[in-house]
Amino acid sequence: MCGSAHVFLSHFHWDHIQGIPFFLPLYDNPDNYFFFHSSSRTRGLQRVIEEQMVDPYFPVDMSEMAAHCNFYDIEEERVAFDDCIVQSMWLNHPQGCLGFRMETANGILVYATDNEPGHPVFDRNLRRLAEGADVLIYDAQYLPEEYAAKRRGWGHSHWREAINVVMESGAKELVLYHHDPDSDDERLDNIQKSASEYYHKVRVAREGDVIIL
Ligand SMILES: [Zn+2]
Ligand SMILES: [Zn+2]
(Lines give C-alpha, C1' and ligand atoms only; values in the text may rest on other atoms or scores of the structure.)
(Ligands and ions follow the chains in the order given, each with its own letter.)
Protein backbone atom coordinates (compact mmCIF):
# COMPACT_ATOMS: atom_id res chain seq x y z
CA MET A 1 0.00 0.00 0.00
CA CYS A 2 1.36 3.45 -0.84
CA GLY A 3 0.33 6.91 0.19
CA SER A 4 1.41 10.28 1.43
CA ALA A 5 1.42 11.91 4.83
CA HIS A 6 2.30 15.16 6.53
CA VAL A 7 4.34 14.73 9.71
CA PHE A 8 4.52 17.65 12.14
CA LEU A 9 7.35 17.65 14.67
CA SER A 10 6.82 19.95 17.64
CA HIS A 11 10.52 19.88 18.61
CA PHE A 12 13.49 17.56 18.47
CA HIS A 13 13.81 16.03 21.93
CA TRP A 14 14.45 12.29 21.71
CA ASP A 15 10.97 11.20 22.75
CA HIS A 16 9.60 12.97 19.64
CA ILE A 17 12.05 11.82 16.95
CA GLN A 18 13.50 8.45 17.91
CA GLY A 19 10.70 6.48 16.27
CA ILE A 20 11.43 7.88 12.82
CA PRO A 21 14.37 5.55 11.93
CA PHE A 22 12.16 2.56 12.82
CA PHE A 23 9.13 3.63 10.78
CA LEU A 24 8.75 0.99 8.05
CA PRO A 25 6.69 3.01 5.52
CA LEU A 26 9.75 5.23 5.07
CA TYR A 27 11.75 2.28 3.74
CA ASP A 28 9.56 -0.15 1.87
CA ASN A 29 7.77 1.75 -0.88
CA PRO A 30 9.21 4.27 -3.38
CA ASP A 31 5.68 5.50 -4.03
CA ASN A 32 5.31 6.77 -0.46
CA TYR A 33 5.62 10.51 0.05
CA PHE A 34 6.32 12.11 3.42
CA PHE A 35 6.24 15.80 4.13
CA PHE A 36 7.98 16.69 7.39
CA HIS A 37 7.31 20.03 9.04
CA SER A 38 9.04 21.72 11.95
CA SER A 39 10.91 24.82 12.99
CA SER A 40 14.58 24.95 12.04
CA ARG A 41 15.16 27.76 14.52
CA THR A 42 17.77 25.86 16.50
CA ARG A 43 18.85 23.21 13.96
CA GLY A 44 17.68 22.25 10.47
CA LEU A 45 14.85 19.71 10.39
CA GLN A 46 16.43 17.47 7.72
CA ARG A 47 19.77 17.68 9.48
CA VAL A 48 18.26 16.56 12.78
CA ILE A 49 16.67 13.48 11.23
CA GLU A 50 19.81 12.62 9.25
CA GLU A 51 22.13 13.11 12.20
CA GLN A 52 20.26 10.77 14.54
CA MET A 53 20.95 7.97 12.03
CA VAL A 54 24.67 8.48 11.44
CA ASP A 55 27.35 5.94 12.38
CA PRO A 56 27.48 4.68 15.17
CA TYR A 57 23.92 5.50 16.31
CA PHE A 58 22.05 3.50 13.66
CA PRO A 59 23.02 0.76 11.17
CA VAL A 60 21.63 2.45 8.05
CA ASP A 61 21.38 6.08 6.99
CA MET A 62 18.56 7.99 5.33
CA SER A 63 19.68 6.96 1.82
CA GLU A 64 18.17 3.53 2.62
CA MET A 65 14.73 5.09 2.82
CA ALA A 66 12.89 4.41 -0.44
CA ALA A 67 10.07 6.85 0.25
CA HIS A 68 10.27 10.45 -0.93
CA CYS A 69 10.95 12.71 2.04
CA ASN A 70 10.47 16.45 1.87
CA PHE A 71 11.27 18.91 4.64
CA TYR A 72 9.56 22.20 5.34
CA ASP A 73 10.48 24.89 7.80
CA ILE A 74 7.57 26.35 9.72
CA GLU A 75 7.61 29.00 12.38
CA GLU A 76 4.78 30.69 14.23
CA GLU A 77 2.40 31.04 11.30
CA ARG A 78 -0.80 29.98 9.59
CA VAL A 79 -0.38 27.77 6.52
CA ALA A 80 -3.02 26.39 4.14
CA PHE A 81 -2.61 22.81 2.90
CA ASP A 82 -4.87 20.87 0.49
CA ASP A 83 -7.85 20.50 2.81
CA CYS A 84 -6.47 21.83 6.06
CA ILE A 85 -5.23 25.03 7.66
CA VAL A 86 -2.43 24.65 10.19
CA GLN A 87 -1.75 27.31 12.80
CA SER A 88 1.47 26.91 14.78
CA MET A 89 2.49 28.77 17.94
CA TRP A 90 5.36 28.50 20.40
CA LEU A 91 4.82 26.84 23.74
CA ASN A 92 6.78 26.98 27.02
CA HIS A 93 9.40 24.23 26.87
CA PRO A 94 13.21 24.06 27.18
CA GLN A 95 14.72 24.79 23.73
CA GLY A 96 11.26 25.61 22.37
CA CYS A 97 8.29 23.60 21.15
CA LEU A 98 5.55 24.31 18.61
CA GLY A 99 1.87 23.60 19.22
CA PHE A 100 -0.32 22.90 16.18
CA ARG A 101 -3.96 23.70 15.43
CA MET A 102 -5.34 21.75 12.44
CA GLU A 103 -8.54 23.18 10.98
CA THR A 104 -10.52 21.07 8.50
CA ALA A 105 -14.06 21.19 7.15
CA ASN A 106 -14.91 18.36 9.55
CA GLY A 107 -13.46 19.82 12.71
CA ILE A 108 -10.48 21.26 14.55
CA LEU A 109 -7.76 19.26 16.26
CA VAL A 110 -5.09 20.82 18.49
CA TYR A 111 -1.85 19.10 19.45
CA ALA A 112 -0.21 21.11 22.24
CA THR A 113 2.50 19.35 24.17
CA ASP A 114 5.16 19.78 25.60
CA ASN A 115 4.18 22.84 27.61
CA GLU A 116 4.65 24.18 31.12
CA PRO A 117 2.00 26.55 32.48
CA GLY A 118 2.74 29.89 34.11
CA HIS A 119 4.27 32.02 31.37
CA PRO A 120 1.84 34.74 30.23
CA VAL A 121 2.83 34.70 26.53
CA PHE A 122 2.77 30.93 26.13
CA ASP A 123 -0.34 30.51 28.29
CA ARG A 124 -2.07 32.89 25.88
CA ASN A 125 -0.66 31.10 22.81
CA LEU A 126 -2.01 27.79 24.09
CA ARG A 127 -5.50 29.14 24.70
CA ARG A 128 -5.57 30.78 21.29
CA LEU A 129 -4.61 27.50 19.66
CA ALA A 130 -7.22 25.57 21.63
CA GLU A 131 -10.09 28.03 21.19
CA GLY A 132 -13.26 26.15 20.24
CA ALA A 133 -11.35 23.03 19.11
CA ASP A 134 -13.18 19.73 18.78
CA VAL A 135 -10.24 17.81 20.23
CA LEU A 136 -7.40 19.14 22.39
CA ILE A 137 -4.40 16.87 22.95
CA TYR A 138 -2.53 18.36 25.89
CA ASP A 139 0.47 17.66 28.13
CA ALA A 140 -0.41 15.97 31.44
CA GLN A 141 2.87 14.33 32.36
CA TYR A 142 2.82 14.95 36.10
CA LEU A 143 0.29 14.82 38.90
CA PRO A 144 -0.59 18.35 40.07
CA GLU A 145 1.06 17.79 43.46
CA GLU A 146 4.20 16.32 41.84
CA TYR A 147 4.51 19.31 39.56
CA ALA A 148 4.15 21.77 42.43
CA ALA A 149 6.64 19.94 44.65
CA LYS A 150 9.52 19.06 42.35
CA ARG A 151 8.92 19.47 38.62
CA ARG A 152 8.73 23.20 38.04
CA GLY A 153 10.96 24.26 35.18
CA TRP A 154 10.93 20.84 33.51
CA GLY A 155 8.67 22.01 30.67
CA HIS A 156 5.58 19.90 31.30
CA SER A 157 2.09 20.18 32.71
CA HIS A 158 -0.51 18.20 34.68
CA TRP A 159 -4.14 17.16 34.33
CA ARG A 160 -5.54 19.94 36.53
CA GLU A 161 -4.02 22.61 34.28
CA ALA A 162 -5.36 20.68 31.27
CA ILE A 163 -8.87 21.11 32.73
CA ASN A 164 -8.24 24.85 33.12
CA VAL A 165 -7.16 25.09 29.48
CA VAL A 166 -10.11 23.15 28.08
CA MET A 167 -12.60 25.21 30.08
CA GLU A 168 -11.02 28.59 29.37
CA SER A 169 -10.61 27.90 25.65
CA GLY A 170 -13.98 26.27 24.99
CA ALA A 171 -12.38 23.17 23.48
CA LYS A 172 -14.77 20.22 23.50
CA GLU A 173 -12.86 16.98 24.03
CA LEU A 174 -9.67 16.70 26.09
CA VAL A 175 -7.05 14.00 25.50
CA LEU A 176 -4.39 13.84 28.24
CA TYR A 177 -1.05 13.03 26.71
CA HIS A 178 2.74 12.88 27.23
CA HIS A 179 2.47 10.36 30.03
CA ASP A 180 5.36 10.14 32.43
CA PRO A 181 7.59 7.13 31.64
CA ASP A 182 6.99 5.94 35.22
CA SER A 183 3.19 6.04 34.88
CA ASP A 184 1.53 2.64 34.88
CA ASP A 185 -2.01 1.81 33.76
CA GLU A 186 -3.38 2.20 37.28
CA ARG A 187 -1.96 5.70 37.63
CA LEU A 188 -3.34 6.69 34.22
CA ASP A 189 -6.78 5.29 35.12
CA ASN A 190 -6.66 7.37 38.30
CA ILE A 191 -5.69 10.50 36.34
CA GLN A 192 -8.63 9.97 33.98
CA LYS A 193 -10.98 9.42 36.93
CA SER A 194 -9.78 12.54 38.77
CA ALA A 195 -9.97 14.69 35.64
CA SER A 196 -13.46 13.44 34.74
CA GLU A 197 -14.76 14.79 38.05
CA TYR A 198 -13.99 18.28 36.72
CA TYR A 199 -14.78 17.83 33.01
CA HIS A 200 -17.02 15.24 31.38
CA LYS A 201 -15.30 14.69 28.04
CA VAL A 202 -11.77 13.70 28.96
CA ARG A 203 -9.62 10.60 28.41
CA VAL A 204 -6.01 9.57 28.61
CA ALA A 205 -4.24 8.84 25.31
CA ARG A 206 -3.53 5.17 24.59
CA GLU A 207 -1.00 3.58 22.29
CA GLY A 208 -2.56 3.03 18.86
CA ASP A 209 -5.16 5.78 19.23
CA VAL A 210 -6.40 7.19 15.91
CA ILE A 211 -8.47 10.36 15.92
CA ILE A 212 -10.75 10.91 12.93
CA LEU A 213 -12.44 14.27 12.76
ZN1 LIG B 1 10.60 17.99 25.01
ZN1 LIG C 1 8.26 15.34 24.94
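Predicted model: local features only at pLDDT ≥ 70, side-chain atom pairs only at ≥ 80, totals over all residues.
**View 1. The largest pocket and its centre.** Start with the open space itself: the largest pocket holds about 1,600 Å³. A total of 39 residues line this pocket, and those closest to its centre are Phe8, Tyr111, Ile137, Tyr177 and Asp209.

**View 2. The elements around the largest pocket.** Now look at which parts of the chain contribute to the lining. Two or more residues come from each of these: strands E1 (4–8), E2 (33–38), E6 (97–104), E7 (107–112) and E9 (173–177), together with helix H1 (14–17). Which element gives the most to this lining? That is E1, with four residues.

View 3. In the largest pocket, 23 are nonpolar, 11 are polar and five are charged.

**View 4. The second largest pocket.** About 260 Å³ of space is found in the second largest pocket. Its lining includes Ser4, Ala5, His6 and Phe8. Phe35, Met102 and Thr104 also line this pocket, as do Phe81, Asp82, Asp83, Cys84 and Val86.

**View 5. Who lines the second largest pocket, and with what?** E1 and E6 each supply at least two residues of this lining. How many residues does E1, the source of the largest share, provide? The number from E1 is four. By type, the lining of the second largest pocket has seven nonpolar, three polar and two charged residues.

How values were computed
Residues numbered from 1 in each chain as written. Chains lettered and ligands numbered in written order. Heavy atoms only, no water. 1 Å grid on protein atoms, 1.4 Å probe; cavity = no way out; pocket = protein on both sides within 12 Å on 5 of 7 lines; lining within 4 Å. Points joined across faces, edges and corners; volume = space filled by probe spheres on them. Nonpolar A, V, L, I, M, F, W, Y, C, P; charged D, E, K, R; others polar.
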